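Q: I have a structure open here and want to go through it bit by bit. Can you take some quick questions?

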Amino acid sequence: MPPVPAGPGVLPGTPGPGRAAAHGRPAAHGRPVIGGPADPAEGQARESGQLGGPLFREEQPVPAPRGVTETVVLRAISGDTTPAPGHGTPSHPGAPVHPAPSANHLAAGQPHFVPSSHPGQETPVAAQPAPQPQPRKQRGGRNLQAAIGVGVGLGAVIVASLFVVKALFLVVVMAAVAVGVWELTSRLAERKQIKAPLVPLVVGGIAMVATGYWSGIQWAAASLALTGLAVMVWRMAEPPEDYLRDITAGVFTAFYVPFLATFVAMMLAADDGPQRIVLFLIVTICSDTGAYAVGYKFGKNKLAPTISPGKTREGLAGGIALSMLAGALLMELIIDGGSWWQGLILGGCAAVTATLGDLGESMIKRDLGIKDMGTLLPGHGGIMDRLDSLLPTAPVVWLLLAAFVGS
């Protein structure tokens, strides 16, 4: 290599000040330093009074020792994830930029090679599977197919018992009362340690339904009073702690489940009892269906967000409208002496009480910290989860029918 002439005042073969600083060796005045050619930029910095050298420069990354490779762990790539260090952006100034693998490359299960610091070598990184989409849950967490199947089965049992042998429907009501009492008392014991006596409640509930069907409201009320007394006596066999709490829960259960169900039995006792039961069931179901459909499509304003966040005012209006329409049609078509305007009133009142009954049981379940009262009916929960809107609606429909067309 031919010699390069030195600048003025510099001995041949002596590097400039910048060159010496770049190599980490201070240039002694008047002493030659063996090195390469001078750095013009460094010379200008020295002439301007700026300090140079490794102590006054930004730290440069130290290259990895020979034979040591750098491995970069790749994360799953998604559309809303910013690149992690090593995936298209340097983790520190001066680090090499590693391009991230494409989603198709990872999904195919092919390995991805990351360049290493040593030339000619690549570090394979195992490909990670693409994230799988989570299965969509059905609204409310219910199994829709099971719910429809159970609903159709219950409807078939009700229709067969009503129009084949009317007394069979009374047996269905008694069975529903017994299971409902068992579900409610079981949940009270599990969640709140409230021991409402089960035996007197079941026996007294069946007695209320039977006396209401054969003897009327007076005997049903007397059966309720006797059931309350039986609960008080039965609970005396246990220690006195929490006695008042347990008998209060027992009296509430006797009123809430069997006594309200007694009005269904009294509707059945009329000459056109099956038709009245059909009217009662349909207006209540239409209330729930209309509220669900309209609320799902147009619901914006919450009805009772602290009790049931899914219910909206628009849904309530839809339930009332559909229930009134069904009441007007059925009152005119299947009830002897009924009129369409009476059906409008009956349907509107039934929709309001059905909604209040649903909210009332939601309050109970929230207090107990449960979602359903039971698991007997797949897709629906328990018997009480189906009776919540029917029970408070029964006395209202019975009373309006008695006022409009007689008992």
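Q: Start with V233. Buried or exposed?
A: V233 counts as exposed, because its relative accessibility is 54% and the cut-off for exposed is over 50%. Keep in mind that this is a predicted model.

Q: Where does V233 sit in the secondary structure?
A: V233 is in helix α7, which covers residues 217-235.

Q: Which residues form a nonpolar patch on the surface with V233?
A: The patch consists of L226, L229, M232, V233 and M236. Together they have about 510 Å² of accessible area.

Q: What about S223, buried or exposed?
A: S223 also lies in helix α7. S223 has a relative accessible area of 11%, and buried means under 20%, so S223 is buried.

Q: What does the side chain of S223 make a polar contact with?
A: With the side chain of T211, at 3.2 Å.

Q: And what does S223 touch, leaving out residues up to four places away in sequence?
A: S223 touches A207, M208 and T211.

Q: Switching to aromatics. How many aromatic pairs are there?
A: The count comes to seven. One of them is F252 with Y256, a stacked pair.

Q: Why is that pair of F252 and Y256 called stacked?
A: A pair of aromatic rings is described by the distance of the centres and the angle of the planes. For F252 and Y256 the centres are 5.4 Å apart and the planes are at 15°, so the pair is stacked. The cut-off for stacked is under 30 degrees.

Q: How are F252 and Y256 placed in the helix?
A: Both are in helix α8, residues 243-268. They are four residues apart, which means a separation of about one helical turn.

Q: Which residues form an aromatic cluster?
A: F255, F259, F263 and W398 form one cluster.

Q: Now the whole chain. How many helices and strands?
A: There are 13 helices and four strands. The chain has 407 residues, and 38% of them count as buried.

Q: How much accessible surface is that, and what share belongs to carbon and sulfur?
A: The protein chain has about 23,700 Å² of accessible surface, with 65% belonging to carbon and sulfur atoms.

Q: Last one. What share of the contacts is between residues 24 or more positions apart?
A: Such residues account for 63% of the contacts with a separation of 6 or more.

How values were computed:
Residues numbered from 1 in each chain as written. Predicted model: local features only at pLDDT ≥ 70, side-chain atom pairs only at ≥ 80, totals over all residues. Heavy atoms only, no water. Helix = DSSP H or I, 4+ residues; strand = E, 2+ residues; numbered from the N terminus. Buried < 20%, exposed > 50% of the residue type's maximum accessible area, 1.4 Å probe, protein only. Contact = heavy atoms within 4.5 Å. Areas by Shrake-Rupley, 256 points an atom, 1.4 Å probe, with all protein chains shown as cover. Polar contact = N/O pair within 3.5 Å; in protein donor to acceptor, adjacent residues only side chain to side chain. Patch = residues over 30% accessible without salt bridge, like charges linked within 9 Å, V, L, I, M, F, W, Y side chains within 5 Å. Salt bridge = Lys/Arg side-chain N within 4 Å of Asp/Glu carboxyl O. Phe/Tyr/Trp six-rings, centres within 6.5 Å; stacked < 30°, edge-to-face > 60°.
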